Amino acid sequence: MRIVIAGGHGQIALRLERLLAARGDEVAGIIRKAEQADDLRQAGAEPVVLDLESASVDEVAEHLRGADAAVFAAGAGPGSGAARKDTVDKAAAVLFADAAVKAGVRRFVIVSSMGADPEHRGDEIFDVYLRAKGEADAYVQGLDALDWTILRPGQLTDDAGTGLVRLEAHTGRGPIPRDDVAAVLAELVDTPATAGLTLELISGPAPVSVAVKSVAGN
């Protein structure tokens, strides 16, 4: 498969790139800064320098053409202000989804956040973030041209992955290592039977492949 990842230098994306490259997939990661390119190459991914805050749908679609799947794993990140929650966490996700439609890439996986909700109330930065992620999710859910899956991980940690997770429509809150989020994403990309599902993810009792097959109805 050829898989294009938005936010290719993110902590989850780099882990995902290594997993996909190791299993023989062709991976491209969209990054904003040219100096991040070597990190992607080391992960086995082809770096694509493109700023999703200023690129057009046509420019992004050009890089998606011919891909089998697209993964949105970009984020404004901690320390960014409310404005970038809107331009990255929401607008860049919408742009990437529109570009996937234009390029004819049906399989689309978006990394969201537990608690994401377009109706979320509040004015703190994290409130703005949850609202932006919720609005992006709602937009993607409305696109019939995409076979979308939305993944909402719990509290992200840098602990070593266990390969054991709980993946359900509603899991309740809990921690999840970034390693395990990447492993679940790699399985989801390869499991189109999860299309149309919005899933929460925390550490749990089930091996990743079993958890994904279970929600896919296999």
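Trainee: What kind of crossing does α6 make where it passes α7, right-handed or left-handed?
Mentor: α6 passes α7 in a right-handed crossing, a name given when the near helix is turned clockwise from the far one by less than a right angle, anticlockwise being left-handed. The model is predicted, so local features need pLDDT of at least 70 and side-chain atom pairs count only at pLDDT 80 or more, while totals for chains, interfaces and linings use all residues. Residues are numbered from 1 along each chain as its sequence is written, and side-chain values use heavy atoms, leaving out hydrogens and water.

Trainee: Which residues of α6 and α7 meet?
Mentor: Ala183, Val184, Glu187 and Leu188 in α6 meet Val208, Ser209 and Val212 in α7, contact meaning heavy atoms within 4.5 Å. By class, this contact has five nonpolar, one polar and one charged residues, where Ala, Val, Leu, Ile, Met, Phe, Trp, Tyr, Cys and Pro count as nonpolar, Asp, Glu, Lys and Arg as charged, and the others, Gly among them, as polar.

Trainee: What makes α4 roughly parallel to α5?
Mentor: The axes of helix α4 (residues 82-103) and helix α5 (residues 125-141) come within 9 Å and cross at roughly 10°, which makes the pair roughly parallel. Their contact divides into 11 nonpolar, no polar and six charged residues.

Trainee: How do you know that α1 is oblique to α6?
Mentor: Helix α1 (residues 11-22) and α6 have axes that come within 8 Å and cross at roughly 50°, and that angle makes α1 oblique to α6. α1, too, passes α6 in a right-handed crossing, and the contact includes Leu16 and Leu20 of α1 together with Ala183 of α6. By class, the contact of α1 with α6 has nine nonpolar, one polar and three charged residues.

Trainee: Why is Ile5 called buried?
Mentor: Ile5, which lies in strand β1 (residues 2-6), has a relative accessible area of 0% and is therefore buried, the term for under 20%, with exposed over 50% and partly exposed in between (1.4 Å probe, protein chains only). Leaving aside residues up to four places away in sequence, Ile5 touches residues including Glu17, Val27 and Val71, and the C-alpha atoms of Ile5 and Glu17, 12 residues apart along the chain, are separated by 8.3 Å.

Trainee: What makes Ser113 buried?
Mentor: Ser113, in the loop between β5 (107-111) and α5, is buried because its relative accessible area is 10%. Among the residues Ser113 touches beyond four places in sequence are Tyr129, Leu151 and Arg152.

Trainee: Which residues have the most contacts inside the largest nonpolar core?
Mentor: That core has 35 residues, and those with the most contacts inside it are Ile5, Leu151 and Val184. Its largest share, seven residues, comes from α6. Apart from this core lies another, of 34 residues, among them Ile30, Ala61, Ile110 and Leu143. A nonpolar core is a set of buried Ala, Val, Leu, Ile, Met, Phe, Trp, Tyr and Cys residues joined through side-chain atoms within 4.5 Å.

Definitions and conventions:
Helix = DSSP H or I, 4+ residues; strand = E, 2+ residues; numbered from the N terminus. Axes fitted to C-alpha atoms, helices over the stretch in contact; angles between N-to-C directions. Parallel < 35°, antiparallel > 145°, perpendicular 65-115°, else oblique.
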